[in-house]
Amino acid sequence: MQPLLQTLLQPGMVGDPCGETATLQWQWREEGILELEPRRPVSQSLVLSCGIHGNETAPVEMVAALVEALLRGDAPLRVRLLVVFGNPAALRAGKRYLHDDMNRLFGGRWQRCRDGIESRRAWQLEQALERFYQAGHAEETRWHLDLHTAIRGSHHPRFGVLPFSSQPFPTAFIDWLPAAGMEALVYHRAPGGTFSHFSRAQFAAASCTLELGKALPFGANDLAQFRSTAQALAALLSATPLPAITARPKRYSVTQQITRNSEQFMLHMRADTLNFTAFEQGTLLAEEGDQRYYVQQPREYVLFPNPGVAPGLRAGLMLVEEPAE
């Protein structure tokens with residue numbers, strides 16, 4: 001196992017709290033929150049997060065390898081970098097979360113949640129982002145890439161979910177996503193409690209949730225599947241040319257959300273339904289008491305179907321495909 005992962009998977013703050021190399025200074029701000037500052041001036045502040053869900057381990061392995069390469073001096077660092085390993089306790093337990101789904105708690109939603117590991121950690125991560133972005137200069141470009149893997153398989157194994165934004169995303173950011181292997185982009189049309197929405201809404205960061213295949217335990221991931229993503233991240237960190245774009249991603253927007261509110265909820269989809277499976281107009285998707293969810297558009301695609309979420313949470317999103325630009 002990578003040394004950085006070994007450190008991360010031990011409870012509490014272990015090892016040296018800070019250090020430096022010939023090209024950068026680094027410091028653990030909190031458990032699982034590592035800041036790296038290049039010695040030369042730069043024009044970008046980047047938050048690179050993973051492990052918000054503790055069973056999504058491939059991005060954690062990928063990010064740990066990128067950080068270790070920087071610390072060895074294999075490549076220069078050309079951005080201010082905050083690396084966030086989101087939920088160390090859940091990573092150690094090998095569980096998605098211990099008490100509450102942390103990726104529904106950002107933007108202050110943790111205040112409406114019971115006191116627990118995830119609610120406290122969401123608050124801590126919000127504070128870490130505020131401190132990091134405010135420490136940069138006003139002209140810096142702000143990006144946030146939140147790396148995940150999905151519970152289910154997908155017709156698009158690698159895709160990005162962009163948070164609701166009243167302003168367009170920078171062209172350079174949108175162009176980076178297909179270079180990183182994203183086969184589809186999903187645009188939210190309403191605010192949410194995700195980490196990427198928090199950074200967009202609070203700090204005007206260009207942010208995206210990157211979904212990279214299926215959730216597997218440590219040691220079971222084939223990182224070769226995500227080579228294009230790792231290469232694009234390495235290029236971003238070192239300001240080197242990006243991998244060539246082989247195809248433009250398909251574009252989808254959210255047209256409706258399916259919410260589970262009680263034990264009566266029933267999702268009318270097979271347990272092996274893939275993300276981006278298409279349903280025709282009029283199809284009954286879910287029901288709960290007198291409430292029915294139907295496909296409203298000529299064709300809609302499902303994303304993140306999960307009938308087992310806690311009451312009040314999203315049990316699925318329905319998407320429509322946007323015309324190609």
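Me: Is Ala204 buried or exposed?

Reply: Ala204 counts as exposed, because its relative accessibility is 58%. Buried means under 20% relative accessible area, exposed over 50%, and partly exposed in between, with a 1.4 Å probe and protein chains only. This is a predicted model, in which local features need pLDDT of at least 70 and side-chain atom pairs count only at pLDDT 80 or more, while totals for chains, interfaces and linings use all residues. Residues are numbered from 1 along each chain as its sequence is written, and side-chain values use heavy atoms, with hydrogens and water left out.

Me: Where is Ala204 found, and what is its phi?

Reply: Most residues other than glycine have a negative phi. Ala204 has a positive phi of about 55 degrees, although it is not a glycine. Ala204 is found in the loop between helix H6 (195-203) and E9. Helices (H or I, at least four residues) and strands (E, at least two) are DSSP runs, numbered from the N terminus. Ala239 also has a positive phi, near 55 degrees, and is found in the loop between H7 and strand E10 (250-260). Ala239 is exposed because its relative accessible area is 60%.

Me: How do I read a nonpolar core, and how many residues has the largest one?

Reply: A nonpolar core is a set of buried Ala, Val, Leu, Ile, Met, Phe, Trp, Tyr and Cys residues joined through side-chain atoms within 4.5 Å. The largest here has 47 residues, and those with the most contacts inside it are Leu81, Leu145, Leu147, Phe173, Trp176 and Leu177. Helix H2 (residues 58-72) gives the most to this core, with eight residues. A second, separate core has 19 residues, including Ile33, Ile52, Val84 and Phe132.

Me: Which residues is Phe173 in contact with?

Reply: Contact means heavy atoms within 4.5 Å. Leaving aside neighbours within four places in sequence, Phe173 is in contact with Trp143, Leu145, Leu162, Ala206, Ser207 and Cys208.

Me: Is Cys208 buried or exposed?

Reply: Cys208 counts as buried because its relative accessibility is 0%. Cys208 is found in strand E9 (residues 206-214). Beyond neighbours within four places in sequence, its contacts include Leu145, Asp146, Phe173 and Leu177. Cys208 and Trp143 are 65 residues apart along the chain, and their C-alpha atoms are separated by 8.7 Å.

Me: What joins the side chains of Ser49 and Asp146?

Reply: A polar contact is a pair of N or O atoms within 3.5 Å; within protein, one must be able to donate a hydrogen and the other to accept it, and residues adjacent in sequence count only if both atoms are side-chain atoms. The side chains of Ser49 and Asp146 are joined by one of 2.6 Å. Ser49 is found in strand E4 (residues 44-50) and counts as buried because its relative accessibility is 0%.

Me: At what angle do H2 and H7 pack?

Reply: Two packed helices are described by the angle between their axes and the distance between the axes. Axes are lines fitted to C-alpha atoms, for helices over the stretch in contact, and angles run from 0 to 180 degrees between N-to-C directions. H2 and helix H7 (residues 227-238) pack at about 35 degrees, with their axes 11 Å apart. Met62, Leu66 and Leu70 of H2 make the contact with Thr229, Ala230, Leu233, Ala234 and Leu237 of H7.
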